[in-house]
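Let's take a friendly walk through a protein model, starting with one residue and then stepping back to the whole chain. Keep the structure open as you read.

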Amino acid sequence: MDRQLFIDEVKKLNVDLTEKMLEQLNRYYELLVEWNSKINLTAITEKHEVYLKHFYDSLTLCKVIDLNSEESLCDIGTGAGFPGIVLKICFPHLRLTLVDALNKRINFLKLVCEELGLDNVECIHARAEEYALKNRDLFDIVTARAVAPLNILLEYSIPLVKVSKYFIALKGIEDINESKNALKILNCNIITEEKFLLPIEGSNRTIIKIEKAGNTPGKYPRRFAEIKKKPL
Ligand code: SAM
C-alpha cells in the first residue's frame with residue numbers, strides 16, 4: 001500500500017491524516033524495522049506491507065467507533081504496538097495504555113513513545129488478566145488484535161471496560177457462537193460484527209464490538225492456568 005493509497009483508504013475510515021501524523025507513522029516504521037533486527041517484533045517489514053497489514057489494519061477499528069468521542073483506550077497484547085500506537089498517532093487526545101506480557105516489546109514501545117513525542121501513554125509489562133485484577137472498570141475502549149480466541153480474550157478484557165462501554169476485537173475469521181457462554185457469564189453483548197476484506201490482498205477480517213452491559217462478576221478474570229484449563 002503506497003502513501004497515497006494509504007491516505008485515501010484511511011480517509012474512507014473517516015480518519016484525516018495530518019502531515020505530522022504521516023511523519024510519526026514513517027518514524028514508527030523506521031524504528032520497527034531497526035529494532036526488529038535486534039528483538040523479534042514482526043514478520044512483516046516491507047514498507048508497503050507494514051502500511052497495509054499493520055497501520056491500515058489497526059485503523060479499521062474506526063469502522064465501528066468514533067474515537068474522537070472517547071477518552072481512554074487500552075490495547076492488550078499490543079506486541080509492537082498494534083493497534084494501540086497507530087490509534088494514538090491518529091487520535092492524539094486518547095489516554096492510551098499498552099499492555100504486553102513480553103518486557104522487550106514494552107521497552108520498545110517506551111522508546112517509540114519518546115521518539116515520536118507521544119504523551120499520556122502508559123506501557124505496562126503484565127499479563128492482561130493480572131493487570132485487570134487491579135484496574136477494573138477503567139477504560140472507555142479496550143481492544144486487542146491477534147492475541148487469543150474470543151472467549152479467552154473476553155475474560156482478559158471485559159473486567160477492564162467501564163460499564164456501558166466497549167471491547168473491540170480485531171480478528172481474522174472468528175466463530176462468535178463459541179463465545180456465547182463467555183458473553184453471558186461476563187455480562188456483555190455483541191453490538192456489531194463487521195466482516196470485510198483487507199484492500200489489495202483480500203484477506204478476511206472481522207471486527208467485533210462488544211458492550212459491557214453490567215458489572216463483571218468478581219471471580220473474573222481467573223488466573224491464566226485456570227482460564228487455559230477451563231475456558232468460558
Ligand atoms: N497485537 C499485536 C499485533 O496485532 O501485531 C501483537 C500480536 S502477537 C501475535 C500477541 C501478543 O500478545 C504478544 O506480544 C504476546 O506477548 C501478547 N500476549 C499474549 N497473551 C497475553 C496476555 N494474556 N497478556 C498480555 N499480553 C499477552
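Apart from its neighbours within four places in sequence, K195 is in contact (heavy atoms within 4.5 Å) with E174, R205 and T206. This is a predicted model, where local features need pLDDT of at least 70 and side-chain atom pairs count only at pLDDT 80 or more, while totals for chains, interfaces and linings use all residues. Residues are numbered from 1 along each chain as its sequence is written, and side-chain values use heavy atoms, leaving out hydrogens and water.

**Around K195**
- You will find K195 in strand 6, residues 188-197; strands are DSSP runs of E with at least two residues, helices are runs of H or I with at least four, and both are numbered from the N terminus.
- K195 has a relative accessible area of 55%, so it counts as exposed (over 50%; buried is under 20% and partly exposed lies in between, with a 1.4 Å probe and protein chains only).
- Although K195 and R205 are 10 residues apart along the chain, their C-alpha atoms are separated by 5.7 Å.

**The whole chain**
- The protein chain contains nine helices and seven strands.
- Its C-alpha atoms fill a box of roughly 45 × 35 × 30 Å along the principal axes.
- Of the 232 residues in the protein chain, 56% are buried.
- Among contacts in the protein chain with a separation of 6 or more, 69% are between residues 24 or more positions apart.
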